[in-house]
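Thanks for coming, everyone. Have a look at it first.

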Amino acid sequence: MVSLAPMDSHTKTTIFQAGLAGGLAGAFTRAVSQPLDVLKIRFQLQIEPIGKGSKYSSMAQATAAMIREEGIATLWSGHMPAQCLSITYGVIQFSVFEELTNLCRSCDKLYLNHKNWLNFANGSIAATVATVASYPFDTIRTRLIAEQKTKKAYKGSTHAFTAMVKTEGIPALFKGLNPTLGQIAPHAGMQFAVYKIFKDSVFTNIPYFNRKTTDKHKVTTLTANLLSGSISGCVAKTAIYPFDLVKKRLQIQGFQHHRKFFGKQMYCNGLIHCVRLTIAEEGFLALYKGYLPSMLKAMLVTALHFAAYDEIKLQFKKSES
């Protein structure tokens, strides 16, 4: 019997293919998941305990309140900079990851013996580079989501960018970068490693999750890729969630006067100060505020992102054959 190998272990993706596939996948997943991102950020920025008497007490209540008070378009607040963030991040992340992977594959023994750890390391490096390059878009979309839509501070993405640079300086675009870099390396590393483990080592061994092909390479189905992405998104997001909450709170420092409508505001001087204040005033579990919409978003986005990326890569391979 001939042993079949996962297709990815025998095929190379060019940097152009990786960048295009990553950008398209990022744009698609952002359009679908933006409302969950808005909900997550609103919960993360709420100082009061989530429950009866707070501005937002549940996903359903928060969604209804935002639509009633600010309009349904609020659920897509900051969508344009978020799209720029996702496309830029996707292009750079997958391009760097594929290049590093191709480099590692040139040392066959090293790659075969340490594939999972190399996927973790390559994913971490790729995400770090992509984060630094795309971070200003992240800060701008957070500000646009954080503002009260009935009393806007910014007219749009361009105005937010120019106003921040003019009144707060260029460093304002990178507020919260330190906790972001602290979370992004392990987060992306776990995403890539767990996704590859389930896709290439688990689902490839289950006939139901393999496509019918004319060659000797195993190709997992779209369902298998979606499941692998969901699992990897869940694992990675749970591990690093407190860093994400702290990042969001740092990104709105200097912007609190535009958020008085939403309740009590936090004023902090940096990463450690933010963590200490959050725990002291709200309790340790406050570091997981907004976890439910964030988890749903993580599972949805990671599943769609990786699955869309692999589907687009597969089409490239088919067009070449």
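A quick word on the ground rules. This is a predicted model, so to speak about local features we need pLDDT of at least 70, side-chain atom pairs count only at pLDDT 80 or more, and totals for chains, interfaces and linings use all residues. Residues are numbered from 1 along each chain as its sequence is written, and side-chain values use heavy atoms, with hydrogens and water left out.

In the span 114-201, the end C-alpha atoms lie 14 Å apart, with 78% helix and 0% strand. For 220-315, the ends are 14 Å apart too, and that span is 70% helix and 0% strand. Helices here are DSSP runs of H or I, at least four residues, and strands are runs of E, at least two, numbered from the N terminus.

Now, packing. Two packed helices are described by the angle between their axes and the distance between the axes. The axes are lines fitted to C-alpha atoms, for helices over the stretch in contact, and angles run from 0 to 180 degrees between N-to-C directions.

Let's start with helix 5, residues 115-146, and helix 7, residues 177-202: their axes come within 7 Å and cross at roughly 140°. That pair is therefore oblique; under 35 degrees counts as roughly parallel, over 145 as roughly antiparallel, 65 to 115 as roughly perpendicular, and the rest as oblique. The contact residues of these two helices split into 14 nonpolar, eight polar and one charged. By that scheme Ala, Val, Leu, Ile, Met, Phe, Trp, Tyr, Cys and Pro are nonpolar, Asp, Glu, Lys and Arg are charged, and the others, Gly among them, are polar.

Is Thr131 buried or exposed? Thr131 is buried, at 5% relative accessible area, where buried means under 20%, exposed over 50%, and partly exposed in between (1.4 Å probe, protein chains only). Leaving out residues up to four places away in sequence, Thr131 touches Tyr89, Leu177, Thr180, Leu181 and Ile184; contact means heavy atoms within 4.5 Å. Asn116, also in helix 5, is partly exposed at 35% relative accessibility.

Next, helix 5 against helix 8, residues 222-251: the angle is about 75° and the axes are 9 Å apart. That makes helix 5 roughly perpendicular to helix 8. On the helix 5 side we have Tyr135, Asp138, Thr139, Arg141, Thr142 and Arg143, and they meet Lys247, Lys248 and Gln251 of helix 8. By class, that's one nonpolar, three polar and five charged residues.

Last stop: which loop holds Glu147? Glu147 sits between helix 5 and helix 6 (157-168). Glu147 is buried, with a relative accessible area of 1%. Beyond its neighbours within four places in sequence, Glu147 has contacts including Arg42, Glu70, Lys152 and Phe255.
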